[in-house]
Amino acid sequence: MPTTPTRRQWLAAAAASPLALQLPPPAIARQAPPAPAALAPLNRFPRVVQESYVEQVRAAEKKGADLRAALKTKADAEGYVRGVREKIAKCFGPFPEKTPLNAQVTGTLDRDAYTVEKVVFESRPRFFVTANLYLPKGAKGPRPGVIGSCGHSDDGKAAPAYQSFAQGLARLGYVCLIFDPIGQGERSQYPHVEKPDRPRLGVGEHLLAGNQQFLVGEFFGSWRAWDGVRALDYLLSRPEVDPKHVGVTGNSGGGTMTTWLCGLDQRWTMAAPSCFVTTFRRNLENELPADTEQCPPHCLALGLDHADFLAAMAPKPVAILAQERDFFDVRGAEEAYRRLKHLYELLGADENVKLHIGPQGHGYSVENREAMYQWFNKATGISDANTEPKLTIEKEADLWAAPKGQVSELKSRTVFSFTKERAETHAKAHAELRKKAEQFPVKDLRAGPRALLLHYLDLPVAPGVPVPLGIRQIEGVPDFRILRNAGNRKYPKPHATSYAVETEKGVFAVVYRLADEAHIARPPKTDAPAILYVSHHSADAELRDEPLLADVMKAEPKATFYAMDVRGVGESRPDTCGGTKEFLTPYGSDYFYAIHGIMLDRPYVGQKTLDVLRVLAWLADIGHNEIHLVAKGWGAIPATFAAVISDAVKRVTLKNALTSYRDVATTETYNWPLSAFVPDVLSTFDLPDCYKVLEAKGLKQVEPVGANARIS
């Protein structure tokens, strides 16, 4: 038996001739064979959701293009401006009544050519806004005023780029009020939340508060814009300000608010949004996610685009400030400019619109700030300066208007507190309606759950289904593809056939049919009962890992078993917005398509419900007239809605189904995605109402979960 050389022998061997040293080879320890690699979830259609949305957004863009192409006269242009104002109001309104600002100046900084007043005001009762008012020294009479809107800086108004333009304007003779956005600077909404549940400032806070607001019919962008409207109210209350010259500017997220505010308040006399204006189509095609407030509900359905918000203030002066190397596609800025130029020419004011493209990447660079100064100077005549004055950047704490630099020290209300209050108000109203009628708690008590869901989810239905006027109908049985065998996927049955069911043009729901015998063709006609499972994240993976499925198959051995992925998960989990690994992140593809669905008036969960309904129609065509619908987690919501709508569903089993939307709306930090939400749902109904309806179909709930659930 060979022996292993000692360490001394090996050292000696290093200096000896290989032929002189006849050492046996070292013994090699036996290694266990490597464990088989885990099967990655199947993902054969990662682009279908993206391409479907691109087609829809292009159609929305064409709607606006057709309207603009018809503009031939000044009267046409004036009518167009009135029209976009009305559409914008539908996206953002109605605003609340104006309440006392209760403004306070909490401190002052005295500088060489200007002073800075630290201001706190209430845009809504007990909802505090922190701001800095830059006042030029030595001014004789009222001066032009400017509202400054900040981008996504953690330090809000104290960010150097935003201090720079506010201070630069003051040194040129303007009065500038710059305020902190919600969730930034001194206005954190979640300072009391312990890590790791506390969202990051800016984007994190905007998404957490904003997504939740949709459940109660609110739009975070309206809240942000309302702060801007009330900031203008405060600015115009100051005797130092000339109301005949009032402008607005901002960069990135501040460019967003500048753009929206142009369409929402007619008091502006000039505007200069920076690093935002492009087109919705460019953002979508470039897979660029944007915050909740940057995606107004209904806007794409109404044919609106970024340029239309600026068109709403025509023919007043507006300059689009872009950057050549920005992630906001400069080609979209050029398109927005061409649209505005045509409109302004018809209005006889083509000199009042401008496009400036700076050489930098994203940011309010000195080149763009100087373009803004020049544009406002042209509009007001206050200065002939073409360059930025020398600036002195302050420390963040020196600009604080609230104690310790947070409005929470003033006991300010949070966005969540309003959302929770509204949800609870709706719940009380619904309870009163339930006392009057054992029906869905709707304003018209004669309306049924089916019609209600069809309306809220913007769903088409098959012919013959009784629905209200205005509901689209879809005809025929969906076409399908038979996919090649994916090999042994270790499912509960030895054989599986995969079908890609085309639920609408270009969109496929992949369905697996499990069987004891091999089958490579279309599903055989049969009137046997069927089980249809709607997955949480991946039907392929859950067929291996979810014990509920084996239990259901064992309990119903005569039923044909199918499992499906709705669009956007599993087989069609998008590889966009940074790839499939970013799918579940706040800015990932799941959010990306959910927020676009809201802009298109097609809630993502409604599109997923359509997938279930179309697969049910496909199964009915096969001959299955008794279907047991089973679902888990995310899939339980579209399955619930489909079960309420479809008469083909006779039984329902839900695992890890959300208890209620109210629970999400009244829980400060929740884990359910925007893709599961129905806009304004709580004004009319909630999931328990659907579950009540499904009791007649033998609903079985397995381990229902609340707002904070993390479903495996």
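This tour visits a sheet and then some salt bridges.

You are looking at a predicted model, where local features need pLDDT of at least 70, side-chain atom pairs count only at pLDDT 80 or more, and totals for chains, interfaces and linings use all residues. Residues are numbered from 1 along each chain as its sequence is written, and side-chain values use heavy atoms, leaving out hydrogens and water.

**The sheet**

Start by selecting the strands (DSSP runs of E, at least two residues, numbered from the N terminus, like helices, which are H or I runs of at least four). Eight of them form an open, mixed sheet in the order β10-β11-β12-β14-β13-β15-β16-β17; two strands pair if DSSP finds at least two bridges between them. Now pick β10 (480–482) and β17 (700–702): each has a single partner strand, so one side of each lacks a neighbour in the sheet.

Next, select β15 (residues 627–632) and β16 (residues 649–655), which pair in the parallel sense over 6 bridges. Here Val630 stands opposite Thr653.

**The salt bridges**

Which residue does Glu394 meet in a salt bridge? Select Arg111: the N to O distance is 2.6 Å. A salt bridge puts a side-chain nitrogen of Lys or Arg within 4 Å of a carboxyl oxygen of Asp or Glu. These partners are 283 residues apart. Glu394 is buried at 11% relative accessible area, while Arg111 is partly exposed at 27% (buried is under 20%, exposed over 50%, partly exposed in between, with a 1.4 Å probe and protein chains only).

Move on to Glu117 and Arg238, whose closest N and O atoms are 2.7 Å apart in a salt bridge. Both residues are buried.
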